[in-house]
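Please keep the sequence and the structure in view while reading.

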Amino acid sequence: MDARFNLLDNEIAVKFAKRFANAGLVIHQSPLPRSTQELVSLRASQINGCGWCIDMHTKDAAAAGETAVRLNLVAAWRESTVFTEAEQAALALAEEGTRLADAHQGVSDETWAQVRKHYDDDQIAALVALVALINAANRLAVIVHQKGGSYEPGMFASMTN
């Protein structure tokens with residue numbers, strides 16, 4: 001299926017995308033580790049079935065030095081040994097924050113306690129904002145059927161210039 005609409009070929013959509021990218025820059029420049037940012041973005045994108053964002057975050061993570069083993073195991077992070085306890089807490093938050101409709105409580109107290117254990121307030125602010133932002137990005141791309149496969153590392157970041 002072809003893309004329904006080119007978000008980068010419309011004046012309003014481009015203006016929005018630039019502001020969206022600048023919001024992402026706040027998170028990118030935060031003290032939340034870059035690898036955690038990419039893992040969280042990748043996991044939420046997997047849950048939401050967003051090929052464009054999976055492509056983007058896999059390639060950006062690899063370009064930043066993330067290993068193929070860890071990228072390949074993100075979808076099964078609970079059944080692997082390659083993620084730190086802090087990363088596991090972030091991935092649990094990403095899943096629970098993405099699957100809000102699947103659980104009446106949203107993010108569990110247990111997951112929140114693990115996040116509080118491993119991250120300071122600035123990192124938590126960035127993590128919560130990241131989960132919200134990647135879910136919005138997933139929805140934009142899935143609605144218009146933006147396909148994965150053509151992304152080049154750093155492509156979206158160039159929109160902040």
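Helices, of at least four residues, and strands, of at least two, are DSSP runs numbered from the N terminus. On that basis, the elements of the protein chain run α-α-α-α-α-α-α from the N terminus on. The model is a predicted one.

**Overall build**

- The protein chain has 7 helices and 0 strands.
- A compact globule of 161 residues would have a radius of gyration near 15 Å, and the protein chain agrees with this because its own value is 15 Å.
- The C-alpha trace spans about 45 × 30 × 30 Å along its principal axes.
- Of the 161 residues, 40% count as buried.
- The chain exposes about 8,800 Å², and carbon and sulfur atoms supply 56% of that area.
- Taking contacts between residues at least 6 apart in sequence, 70% join residues at least 24 apart.

**The second largest pocket**

- This pocket has a volume of about 180 Å³.
- Its lining is made up of Trp77, Glu85, Gln88, Ala89, Ala92, Glu96, Ser108, Glu110, Thr111 and Gln114.
- Helix H5 (85–98) and helix H6 are the elements that give two or more residues to this lining.
- Helix H5 gives the most to the lining, with 5 residues.
- By class, the lining residues divide into 3 nonpolar, 4 polar and 3 charged.

**Thr36 in helix H2**

- Thr36 is found in helix H2, which covers residues 34–48.
- Thr36 has 4% relative accessibility, so it counts as buried, the cut-off for buried being under 20%.
- Leaving aside neighbours within four places in sequence, Thr36 is in contact with Glu87, Ala90 and Tyr119.

**Lys117 in helix H6**

- Helix H6 runs over residues 109–118, and Lys117 lies in it.
- Lys117 counts as exposed because its relative accessibility is 55%, where exposed means over 50%.
- Lys117 and Trp52 are 65 residues apart in sequence; their C-alpha atoms are 33 Å apart in space.

**His145 after helix H7**

- His145 is placed in the segment after helix H7 (121–143).
- Is His145 buried or exposed? His145 is buried, because its relative accessible area is 16% and buried means under 20%.
- The phi angle of His145 is near 60 degrees, a positive value in a residue other than glycine.

Note on methods:
Residues are numbered from 1 along each chain as its sequence is written. This is a predicted model: local features need pLDDT of at least 70, side-chain atom pairs count only at pLDDT 80 or more; totals for chains, interfaces and linings use all residues. Side-chain values use heavy atoms; hydrogens and water are left out. Buried means under 20% relative accessible area, exposed over 50%, partly exposed in between (1.4 Å probe, protein chains only). On a 1 Å grid over the protein atoms alone, a cavity is a set of points where a 1.4 Å probe fits but cannot get out, and a pocket is an open set with protein on both sides within 12 Å along at least five of seven lines; lining residues have an atom within 4 Å of a point. Grid points are joined across faces, edges and corners, and a volume is the space filled by probe spheres set on the points. Ala, Val, Leu, Ile, Met, Phe, Trp, Tyr, Cys and Pro count as nonpolar, Asp, Glu, Lys and Arg as charged, and the others, Gly among them, as polar. Contact means heavy atoms within 4.5 Å. The radius of gyration is taken over C-alpha atoms; the globule rule is 2.2 Å times the number of residues to the power 0.38. Accessible areas come from the Shrake-Rupley method with a 1.4 Å probe; for residues, only the protein chains shown count as cover.
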